[in-house]
Amino acid sequence: MSDRTLKKRNNKYRYKAIKKTNIVGPIIFFLLFVIISAFLMITCAGVLIVYITSSKLEPEYKNISYMAQLYEMNQGKDNCYELLDASKMEYIIRDKDGKDIHVTGNDTCAKEAEQLELTSMGDSIMAYEDIEIRYLFINDNNLGIDLGMFIKAIKDGDSEAVIEDLEGSGKGELLGFPIWFSVPLDNNEEFIGKAICMTDINDVILILVLGGTLVVLLAVFSIVALINGIANVIRQRKAVNIFFADDKTTGRNWAYYMVYGEKMLKSWFNSKNNYAVVSLNFKNYRNYCLCHSAEEGETILQRIYTELAKCIDRREICTRASSSTFSLVLKYNNEEEVKKRILNIIDLLESVDPTHNFCFQAGINFIPAKDDENGKAIKRNIIDLEVEYNNASTARATLEETDESGVMIFDSVFVDEMKWIDTVQAHQEAAVRNNEFVVFYQPKYDPSTRQLDGAEALIRWNSPEFGFVPPGRFIPIFEKNGFITQIDHYMIKHVAEDQKKWMDQGFRCVPVSVNVSRAHFAESDLAEQILSMVDTAGAPHNLIEIELTESAFFDDKNAMLGTIKKLKEYGFSVSMDDFGSGYSSLNSLKDMPLDVLKLDAEFFRGDFQEGRGKIVVSEAIKLGKSLNMKIVAEGIEEKSQVEFLAEEECDMIQGYYFAKPMPGNEYEERMRQIYKFVEEDESKKEQVVEAEHELALRTQILKKY
């Protein structure tokens, strides 16, 4: 897993942690607090009311018990019921079979008795619910009260539950809640008396005060919890804003882009929209900071971000992705519209500072909406915004070699190229270990004598998996990833071994030049490395020529000069390749003690035959010879060019006119045909020269291989 992927996941996890930790907890706590507090309030109110009711029913039960005893004492007497009725109590006397023997008052007693435990009494008693006024009920041996009906009775003054003011009580209206208590008699009969739970205004006030207190406490704690929850929401939003804030532009950062960008693309509501992922780079940023300051660089980034933010609407995203690169997600109707829009944005940004000429390069990766077979938009459930952005960055990277603004649209070709780069990098180490890289040799000839005077070693890759891979497909990759230094070692080692082998076989060996990358010259012991490899192979130092590209001379000149001097002290010759291909520096020729100057093939293209090209080449040859350097002309393909260079006394010619690059065995065969001789005599040497002429004529057909 890449570091960038890990960072992306960590950003998402941290964002989720911020969201959950600071807001979800307080919300859950607040809801639980309200629910538990309400439950406790109702429970406490119910317990209090039941306690008051039970305490008031105890004397009622004792009174009924007394009446039952009075009945037993006077049972059978003529005035028995008169004595009982004088108490004005409503009662029922039932036999053992449950039949009513005598009823006084309104019989609203239920038929089935239940056990009841009053809180003020230790023993269980039998009680009946009142079927007409059902405020009190019996549940699991406990007395219960219907709070809803109770509150309604208090509020409405329910006439059926209200008993008018008792004479002389001075208590005002009373609320009465009926229940029937049963007292068993000795003769298996049952005395059932109607008990009235009388609740006066003081009881109501006590209940209301307690209930009000609980309500106030609940309200206070609820308000505190609510305020705390709101404060946490505010803190959470501040934390999210800090998390998504960019430290340079004070706008949005890469984490915001990944979290909200993916969320937007995956949204079902946006599935019908087309989106373009854009990577926009401010190419002049580093130079601007060098010329001014880092603080001014940040200021210009802020101005760029501000202008970008003005160019997008609220349903689009703009953030800073890295140092001077901005990431965008834009809606579009058609691709040309997006490209034109980006070009207009670039035009606007180029003038963000009128005193400077800024360059902006953009890569675009389109993510169009897709429909199913029924024509309905398909939700983008599986999409990785980082991959889509990397594709846009890959398209933009193709513009990096230029210093001009531009827009590049991502294509599948870029994917294939990136896959090839990954493939090459995955196989590079094994290719060296297995000697899959092959050394090709391109001969260099004296244009006057047609004699072989040198060769250049060129690399090819003969892969068992990919076949024969030309150097243009892997050398640029090695130059970027640094593996080119190992290729340099590989080439020097194999060329030295070949030279040693051919020398031992009696061939007339000529110097072979080997390219050494400019990156290699950063190593202070490069000359010692080359010396060790050549000595290990046993090849003479004068048969190895170290070839540097012209661009290498624009690096650290002191380090370069030190390495060249060491190489020459060790007996190696040093050449400048591709002279004239770039911005040639005459100071380099003045300062560097080079042995060979190779004229770039471009000297011989275009209007070379018109005269100006010949003048430049002629003067370059004279300049090189004045500095005691041998001159090699590359890319020679025409006979007229050979004749001209012979007249100008150019030392060697390299090109398809004489020979293409060839494998080592073919180069060896060429030396065998011409230079291997039995005796050192003049007649043999003359034969060698004649054979060179004949070979030059035969090899002209090998042009443009």
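Student: Which residue in strand 6 is the bridge partner of L136?

Tutor: In this predicted model, strand 5 covers residues 136-139 and strand 6 covers residues 142-145. The two strands pair in the antiparallel sense over 4 bridges. In strand 6, the bridge partner of L136 is I145.

Student: Which residue in the hairpin of strand 5 and strand 6 takes a positive phi?

Tutor: The hairpin has 2 residues between the strands. A positive phi near 55° is found there, and the residue that takes it is D140.

Student: What is the average pLDDT of the chain, and over which residues is it below 50?

Tutor: The chain averages a pLDDT of 82, and 83% of the residues score at least 70. Where pLDDT is low, the predicted coordinates should not be read in detail. One stretch with pLDDT under 50 is residues 677-682, for which the model has 2 contacts beyond four places in sequence. Another stretch, with 19 contacts beyond near neighbours in sequence, has a pLDDT below 50 over residues 159-173.

Student: How many Å does helix 8 reach from its first C-alpha to its last?

Tutor: Helix 8 runs over residues 335-350 and has 16 residues. At 1.5 Å a residue, 22 Å is expected. The reach in the model is close to that value, at 23 Å.

Student: Why do the buried residues of helix 8 line one face of the helix?

Tutor: The buried residues of helix 8 are V338, I342, I345, I346 and L349. An α-helix has 3.6 residues a turn, so residues three or four places apart point the same way. Exposed residues, E336 and K340, are found on the other side of helix 8. Seen down the axis of helix 8, the buried residues line one face because they fall within an arc of 100°.

Student: Against which elements do the buried residues of helix 8 pack?

Tutor: The partners include one helix, helix 7 (294-310). The strands in the list are strand 10 (274-282), strand 12 (325-332), strand 13 (360-367) and strand 14 (406-409).

Student: Which residue caps the N-terminal end of helix 8?

Tutor: The cap involves the backbone nitrogen of E336. A side-chain oxygen lies 3.4 Å from that nitrogen, and the residue that provides the oxygen is N334.

Student: Is Q361 buried or exposed?

Tutor: Q361 has its place in strand 13. A polar atom of its side chain lies 2.9 Å from the backbone oxygen of L399. Beyond four places in sequence, Q361 touches several residues, among them S279, N281, R396 and E404. Because its relative accessible area is 0%, Q361 is buried.

Student: How far apart are the end C-alpha atoms of helix 13?

Tutor: Helix 13 (residues 526-537) has 12 residues, so at 1.5 Å a residue it should span 16 Å. The separation in the model agrees with this, at 17 Å.

Student: Against which elements do the buried residues of helix 13 pack, and which residue follows the helix?

Tutor: The buried residues of helix 13 include L526, Q529, I530 and V534. The buried residues pack against helix 12 (484-504), strand 19 (544-549) and helix 14 (557-569). Helix 13 is followed by a residue whose phi is positive, near 85°, namely G538.

Student: Is F474 buried or exposed?

Tutor: F474 has its place in the loop between strand 17 (467-469) and helix 11 (475-481). Beyond four places in sequence, F474 touches V424, F437, I459, R460, W461 and V469. The C-alpha atoms of F474 and W461 are separated by 8.5 Å, and these residues are 13 residues apart along the chain. Because its relative accessibility is 0%, F474 counts as buried.

Definitions and conventions. Residues are numbered from 1 along each chain as its sequence is written. This is a predicted model: local features need pLDDT of at least 70, side-chain atom pairs count only at pLDDT 80 or more; totals for chains, interfaces and linings use all residues. Side-chain values use heavy atoms; hydrogens and water are left out. Two strands pair if DSSP finds at least two bridges between them. pLDDT is the predictor's confidence in each residue, from 0 to 100. Contact means heavy atoms within 4.5 Å. The expected span of a helix is 1.5 Å times one less than its number of residues. Buried means under 20% relative accessible area, exposed over 50%, partly exposed in between (1.4 Å probe, protein chains only). The arc is that of the directions from the helix axis to the C-beta atoms. A polar contact is a pair of N or O atoms within 3.5 Å; within protein, one must be able to donate a hydrogen and the other to accept it, and residues adjacent in sequence count only if both atoms are side-chain atoms.
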